[in-house]
Amino acid sequence: MLPERLKAGDEIRVLAPSRSLAIVKGEQRRIAEERLTELGFIVTYGRTVMEHDDFFSNSVGDRIADIHEAFADQNVKAIFTAIGGYNANQLLGYLDYELIKSNPKFLIGYSDITAITLAIYQKTGLITYSGPHFSSFGMKSGFEYTLDSFKQAAMTEKEYIIEPSETWSDDSWYLDQENRTFHINNGYGVLQEGRAEGTIIGGNLCTMNLLQGTEFMPSLDNSILFIEDDNEIHPFTFDRDLQSLLHQPGASGIKAVVIGRFQKESGMTEYALQQIIATKRELQGIPVITNANFGHVSPFATIPIGGRAVIEAFHGKATVKIL
């Protein structure tokens, strides 16, 4: 199921299924709401998005109630997650998937939200989106690429190509919006060449792996695997996390792999990534590209989970087309 495209006048509901919106600075929240209002959206909030406990999250019951209320409300056309975190998978066994399936809406977020976007796609067939949180819209500068990709994915029916951004940044922009550091983007890296078409499955790798062995894990057969990770991993953990994913049923049917750019703190290097991929016999003969604008380094693209993609990688150049 493809959710309806968003348009001016639509109501979007901000929810906090992982960490509380209270963790986001007031100025950042103000900018985010203004930016979405400028797009013509009506911004509303879940009843308990500002509540938090000792883990800067909220009770399972309150988070579930906010999600169910948003899906049941016919005025709400889209659900934006406030921010990521660590515990979104607590909710998966309590979600009313029949309610969600009967009321399909545009759902977007990334990082820890990967658990929810993948589970809803698996249980209902609803295409969900890896893309900016509500809090991401509070970025003052360097947001144009992220915004353009969001509009392509959410507000048009057209195919689009995920072009590399001109620059990228790994700074903690939410701590200091006035002093940003941007680097020249040299484009995709091509570790293995080829062409492939398939269903997009993926998100944050370590969160995705929390679904292994559960009813919430989508099949990897005939998939284009989009994976990224954050600054809490390093080459050794990424290697074993990827290997674990490749042991899953259907992994032999992966058609291509797109890897998001790593944060510097992870310690991942081009050489290390080449060596990791070279050890994966399961990935031999399929295209593998790196340094995609996807994940925890800004700016980043919006990716439809359950959508279709075509990957072409030849002679050191790569193209990622979303169908």
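Author: What follows covers a sheet, one of its strands and a helix contact.

Author: This is a predicted model: local features need pLDDT of at least 70, side-chain atom pairs count only at pLDDT 80 or more, and totals for chains, interfaces and linings use all residues. Residues are numbered from 1 along each chain as its sequence is written, and side-chain values use heavy atoms, without hydrogens and water.

Reader: What is the strand order in the open sheet of 8 strands?

Author: The order is S6-S16-S15-S10-S11-S12-S13-S9, with mixed pairing. Strands are DSSP runs (E, at least two residues) and helices are too (H or I, at least four), numbered from the N terminus. Pairing takes at least two DSSP bridges.

Reader: Which are the edge strands?

Author: S6 (160-161) and S9 (189-192), each pairing on one side only. S6 pairs with S16 (residues 317-322) in the antiparallel sense over 2 bridges. Tyr160 stands opposite Ile322 there.

Reader: Is S12 buried or exposed?

Author: Buried (under 20% relative accessible area, 1.4 Å probe, protein chains only). That holds for 5 of the 5 residues in 256-260, so S12 is largely enclosed by the rest of the structure. Ala256, Val258 and Gly260 lie on one side, Val257 and Ile259 on the other.

Reader: Switching topic. At what angle do H7 and H8 cross?

Author: Roughly 25 degrees, with the axes within 10 Å. Axes are lines fitted to C-alpha atoms over the stretch in contact, with angles from 0 to 180 degrees between N-to-C directions. H7 and H8 are therefore roughly parallel (under 35 degrees).

How values were computed. Angles under 35 degrees count as roughly parallel, over 145 as roughly antiparallel, 65 to 115 as roughly perpendicular and the rest as oblique. Buried means under 20% relative accessible area, exposed over 50%, partly exposed in between (1.4 Å probe, protein chains only).
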